[in-house]
Amino acid sequence: MSEIAALIRQLRIKSGAAKRLWKENTLYRKDTVDLQLKLDKMIADGAEEWDLKNAKRLVEESQKMVIDTSVRMGRAVGELRDVVIKARTEPLLAEDNDLLSAEAFLEEAAL
């Protein structure tokens, strides 16, 4: 496989992984907020201790997943950034859709 083809392949793989983790992280963050609201409502309604304990456990697990996906996403974005930097040195890839897509994602992830 040529070096350019390998770079394009790596761009696709790293972009896909970073985008998947971004989506996962977003969903876990939303889930954490929803579970916390549900727990707060249960507390306000005077739910049983057992139900509260399980609801708190779910919130904690969701918060752990937010942290886990954040770490993995950071690593994936860093690896994608390295591949993008390497791909920019290839003049044949200057207008490649995969490179442009990866750069756009990096800009979005930086926000």
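Is Asp34 buried, exposed or partly exposed, and what is its relative accessibility? Asp34 counts as partly exposed, at 36% relative accessibility, where buried means under 20% relative accessible area, exposed means over 50%, and partly exposed lies in between, with a 1.4 Å probe and protein chains only. The structure is a predicted model, in which local features need pLDDT of at least 70 and side-chain atom pairs count only at pLDDT 80 or more, whereas totals for chains, interfaces and linings use all residues. Residues are numbered from 1 along each chain as its sequence is written, and side-chain values use heavy atoms, with hydrogens and water left out.

The chain has three helices and zero strands, and its elements follow the pattern α-α-α when read along the sequence. Helices (H or I, at least four residues) and strands (E, at least two) are DSSP runs, numbered from the N terminus. The radius of gyration of the chain is 20 Å, well over the 13 Å that the globule rule gives for 111 residues, so the chain is more spread out than a compact globule; this radius is taken over C-alpha atoms, and the rule is 2.2 Å times the number of residues to the power 0.38. Along the principal axes, the C-alpha atoms fill a box of roughly 65 × 20 × 15 Å.

Of the 111 residues in the chain, 31% are buried. The accessible surface comes to about 7500 Å², of which 57% belongs to carbon and sulfur atoms, as computed by the Shrake-Rupley method with a 1.4 Å probe. Among contacts (heavy atoms within 4.5 Å) between residues at least 6 apart in sequence, 76% join residues at least 24 apart. Leu7, which lies in helix α1, counts as buried at 6% relative accessibility. Not counting residues up to four places away in sequence, Leu7 touches Val83, Lys86, Ala87, Glu90 and Leu93. The C-alpha atoms of Leu7 and Arg72, which are 65 residues apart along the chain, are separated by 22 Å.

Side chains of opposite charge can pair when their charged atoms come close. The structure holds nine salt bridges, each being a side-chain nitrogen of Lys or Arg within 4 Å of a carboxyl oxygen of Asp or Glu. One of them joins Glu79 and Lys14, with the closest N and O atoms 3.2 Å apart. Glu79 lies in helix α2 (residues 49-88) and Lys14 in helix α1 (residues 3-45), so the pair ties together parts that are 65 residues apart in sequence. Glu79 itself counts as partly exposed, at 32% relative accessibility.

Other salt bridges lie within a helix. Asp34 pairs with Lys30, the closest N and O atoms being 2.9 Å apart, and both residues lie in helix α1, four residues apart, about one turn of the helix. Lys30 is exposed, with a relative accessible area of 51%, whereas Asp34 is partly exposed. In helix α2, Arg72 and Asp68 are likewise four residues apart, about one turn of the helix, and their side chains meet in a salt bridge at 3.7 Å, N to O. Arg72 is partly exposed, with a relative accessible area of 28%, and Asp68 is partly exposed, at 31%.
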